[in-house]
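Student: Could you take me through one part of this chain slowly, and then show me how it sits among the rest? I would enjoy a close look at a hairpin.

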Amino acid sequence: MKRLAKQIISIFFLISAVYLPERLAAAVSIAPGLTLENDESGYDQEYLSSIVRQLDRYARMAKLRRSSRDIVIVANRGKFCGFTRNGQLRIPGTGGDWLNDAPLRRKLVALLASHRFGFHCPPDSPGVAWWMLYGLEAEVAAGATSGQYLVANRDYRWLSELCAVNGKMPDFAAMCRMGEINEAAMRQFAGEQARLLLIIMAENGRIGELFKLSCQGGKPDALVNFYASADEAQQELSRQAMPLIWNRYHPMPGNVALKKLPELTRCFIPGTDAQGRPVADFKECKWEEFADALKHPRTDHLSLRKNFAAKFISLGKMLTVDEAVLCHDLAAEVMNFGVDKDLDGNKKRFGSKLAGLEKRLQLRIAREKFLHSVLLVKIPVPDNFRLHFDSVNNNHSAAGRESMEFLREVMQKYLQ
């Protein structure tokens, strides 16, 4: 009898395993507070986890508290997309469908962000702005390789090259207004600038507010409202962007740094009254004149030295290790202007270190030219000109006439 009972129970469990409804399949964890009812495609959990992991990273940078509400994500159960009253987030399709449906991914990211950042996402919201989707997915892609081990490995190579040519950052507000981008090469550049902008907004503590504005009908460039004007927004964002795209792991190109040195060695200083107090009578001076001005007693001497030295410290953070050491030495010499009794010796040392920094930058420029010339020949054409091929292999070609002529010339030489 006992043996028969065991056989019946075994049969019951076997039948249950075969005919169990899909909705009762084992749930999988996405993140604290988020559970996926069932991984329908085998890719659902991976995709959702990657998005939520990045949203949580933004939240940590912005010091935002995560929502305490527990949500169960249900995928592939009809066409409805949104939260239900019983604590579910329903998403149509599966991971494979989401990859081919960018508008759905906009909506999906908005719903996940509303949960992680704790705001209401209207049912009729189209989702996050296009640039936010591109930036978030570009950050996920950057962290999928070596970036998962060291954040500094997540470079901005295309944006860095563009800034090296133009000498300035592309317009952030204009990038936000681009909308959907079908051209592969343009999406590559926009994605890098977008992920950079999301990092800056997170560091500024405005990431939750930015996602909320976007999901609740705000304009794509709503971040401009965080600043006094569009010009101020561009200036401040560019200032914060430079140390992110250029650092000791990915130093500022030598030609860009050389162009910045004349700006660093000039400044405006106020005149002084009889008591050495600053007055509203500013004049521009070179570093030699700046050093001489500090020989005379003035109440603002310390702040002037600190502000002048800080420019070299900031530049050093964006250069190689050896160049950064020279920048710190230059800052130290600045802090001795007006303090060291041997001012002539002080100025001589500053001038020598400044010349040494220029020499190192010029040497790096020569090395980079050599490496570029070698890589241009040695790297396979499909790899070296991937963006060109991406641009011409669709109906929205962004490659200009000169660019295409150059590509054809290289191909002819390569195939000879």
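Tutor: Happy to. In this predicted model, the hairpin formed by β1 and β2 has two residues between its strands, and G33 there adopts a positive phi near 90°. The strands themselves are β1, residues 28–31, and β2, residues 34–36, and they pair in the antiparallel sense through three bridges. One of the residues to look for is A31, whose bridge partner in β2 is L34.

Now turn to another hairpin, that of β6 and β7. Five residues lie between these strands, and G276 takes a positive phi near 80°. Strand β6 covers residues 266–272 and strand β7 covers residues 278–286; the two run antiparallel and are joined by seven bridges. Within this pair, I269 stands opposite K283 of β7. As you follow the side chains, keep in mind that in a regular strand they alternate between the two faces of the sheet.

From the strands, let us move to a loop. T94 is located between β5 (88–91) and α3 (95–99). Its relative accessible area is 12%, so T94 counts as buried, the limit being under 20%. Setting aside neighbours within four places in sequence, T94 has contacts with E40, S41, D44 and N76.

With a disulfide taken as two cysteine sulfur atoms within 2.5 Å, the count is zero. For C121, the closest cysteine sulfur belongs to C215 and is 4.7 Å away, which is too far for a bond. C121 is buried, at 7% relative accessibility, and C327 is buried as well, at 0%.

L371 belongs to helix α15, which spans residues 343–378.

Finally, here is the setting for these parts. The chain contains 18 helices and seven strands. Of its 416 residues, 43% are buried. Among contacts between residues at least 6 apart in sequence, 61% link residues at least 24 apart. The chain exposes about 23400 Å², and 55% of that area comes from carbon and sulfur atoms.

Definitions and conventions: Residues are numbered from 1 along each chain as its sequence is written. This is a predicted model: local features need pLDDT of at least 70, side-chain atom pairs count only at pLDDT 80 or more; totals for chains, interfaces and linings use all residues. Side-chain values use heavy atoms; hydrogens and water are left out. Two strands pair if DSSP finds at least two bridges between them. Helices (H or I, at least four residues) and strands (E, at least two) are DSSP runs, numbered from the N terminus. Buried means under 20% relative accessible area, exposed over 50%, partly exposed in between (1.4 Å probe, protein chains only). Contact means heavy atoms within 4.5 Å. Accessible areas come from the Shrake-Rupley method with a 1.4 Å probe; for residues, only the protein chains shown count as cover.
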